[in-house]
Amino acid sequence: MAYIKTSFDFEKPLADLVQQIEKVKQVADKTKVDMSATLEELEGRLDQTSSVLYSNLTGWQKVQMSRHPDRPQTLDYINMICDDFIELHGDRTVKDDKAIVGGFGTIGGEHVMIIGHQKGKNTKERQFRNFGMANPEGYRKALRLMKLAEKFNKPVITFIDTMGAYPGLEAEERGQGEAIARNLLEMSVLRVPILCFVVGEGASGGALGIGIGDKVYMLEHTWYSVISPESCSSILWRSWDFKEKAADCLKLTSNDMFKNGLIDGIVPEPLGGAHQDPEAIAATLKDTILKDLKTLGKEKTDSLISSRIDKFCSMGVVQE
């Protein structure tokens, strides 16, 4: 933990402790004085402070964590958990949307179709990927790949990480709403198991367009909501200044979503977030995928579809 990367204001107590540890190490190297007791005390305080801090994050702080520039994205997870992967392109109608990637891969001997949002890691790549905001052809590409998986009886794995579907005029002209709605319909009756993971941001219909599954999970420090805190704040208070309050009101964290019965489970992240130890979170995801595929593979297709539909139809039901 002495080398934890800190990026946000709320992580300042950790940054201060890390700085103290580095100074003590420098003094020990220069003076050759045994500072092991002091180092042990500081590292103990660092571990304790980290545990308390990351187990009590607010809604807005989790939103910040989900946007960390070093956080693993879909292609990172594919590279870490797949034995092989063949990317497939295009929706066979308009073009190949770079904001959504997908293809056949092998995970622990299981052949699956993997589909997910890809934001990009630097400015040039983010522009190329349209910041992970898919156009209609992206969702139509995703649906084409799902139907291909259904044809060959292969499970579908989706990784959700988007600020929302692209809101541009041209996207609406090409049927953005219809493309997402079509995915919701087709995914609900797809005749193969579907596992969905929110690995970063899960905003609006852009996330839901590949988010209908037999099991829907959120990583610990992610969010899933109909609207981002900034947009919610601008609508309700005519300013982004209330984004922290909006994040709390939206109940968008993994804990809130699980309590409300909107997801099936929470995938724990390494202390400090997925970006601190990408290999560890990838291993956890791989274990979760293989375990669920083994369980879902034993169910009859009609029963699988019926359970999937019942799960989503029961959400949001209010009894007076």
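Student: What should I know about the model before we start?
Tutor: The model is predicted, so local features need pLDDT of at least 70, side-chain atom pairs count only at pLDDT 80 or more, and totals for chains, interfaces and linings use all residues. Residues are numbered from 1 along each chain as its sequence is written, and side-chain values use heavy atoms, with hydrogens and water left out.

Student: How many helices and strands does the chain have?
Tutor: The chain has 14 helices and eight strands. Both are DSSP runs, numbered from the N terminus: helices are H or I with at least four residues, strands are E with at least two.

Student: Why is the chain called as compact as a globular protein of its length?
Tutor: Set its radius of gyration against the globule rule. The radius is taken over C-alpha atoms, and the rule is 2.2 Å times the number of residues to the power 0.38. For 320 residues the rule gives 20 Å, and the chain has 21 Å, which is close, so the description holds. The C-alpha atoms fill a box of roughly 70 × 50 × 50 Å along the principal axes.

Student: What share of the residues counts as buried?
Tutor: Of the 320 residues, 48% count as buried. Buried means under 20% relative accessible area, exposed means over 50%, and partly exposed lies in between (1.4 Å probe, protein chains only).

Student: Why is leucine 190 called buried?
Tutor: Its relative accessible area is 1%. The cut-off is under 20%, so leucine 190 is buried. Leucine 190 sits in the loop between α8 (176–188) and β5 (194–203).

Student: Which residues does leucine 190 touch, beyond those up to four places away in sequence?
Tutor: Leucine 190 touches Met146, Lys147, Glu150, Val156, Ile305 and Arg308. Contact means heavy atoms within 4.5 Å. Lysine 147 is 43 residues away along the chain, with 7.7 Å between the two C-alpha atoms.

Student: What makes proline 229 buried?
Tutor: Its relative accessible area is 0%. That is under 20%, so proline 229 is buried. Proline 229 lies in helix α10. Leaving aside neighbours within four places in sequence, its contacts include Trp60, Val63 and Trp223.

Student: Which residues meet between α10 and α11?
Tutor: Pro229, Glu230, Cys232 and Ser233 in α10 meet Lys243, Ala246, Ala247 and Leu250 in α11. By class, that contact has five nonpolar, one polar and two charged residues. Ala, Val, Leu, Ile, Met, Phe, Trp, Tyr, Cys and Pro count as nonpolar, Asp, Glu, Lys and Arg as charged, and the others, Gly among them, as polar.

Student: How do you know that the buried residues of α4 are on the same side?
Tutor: In helix α4 (residues 74–81), the buried residues are Thr74, Leu75, Tyr77, Ile78 and Ile81. They cover an arc of only 160° around the axis, so they are on the same side of α4. The arc is that of the directions from the helix axis to the C-beta atoms.

Student: What makes α4 roughly perpendicular to α13?
Tutor: α4 and helix α13 (residues 278–296) pack at about 75°, with axes 9 Å apart. That angle makes α4 roughly perpendicular to α13. On the α4 side, the contact is made by Tyr77, Met80 and Ile81. By class, the contact has eight nonpolar, no polar and two charged residues.

Student: Why is arginine 238 called exposed?
Tutor: Its relative accessible area is 70%. The cut-off is over 50%, so arginine 238 is exposed. Arginine 238 is in the loop between α10 and α11. Its phi is near 60°, a positive value in a residue other than glycine.

Notes: Axes fitted to C-alpha atoms, helices over the stretch in contact; angles between N-to-C directions. Parallel < 35°, antiparallel > 145°, perpendicular 65-115°, else oblique.
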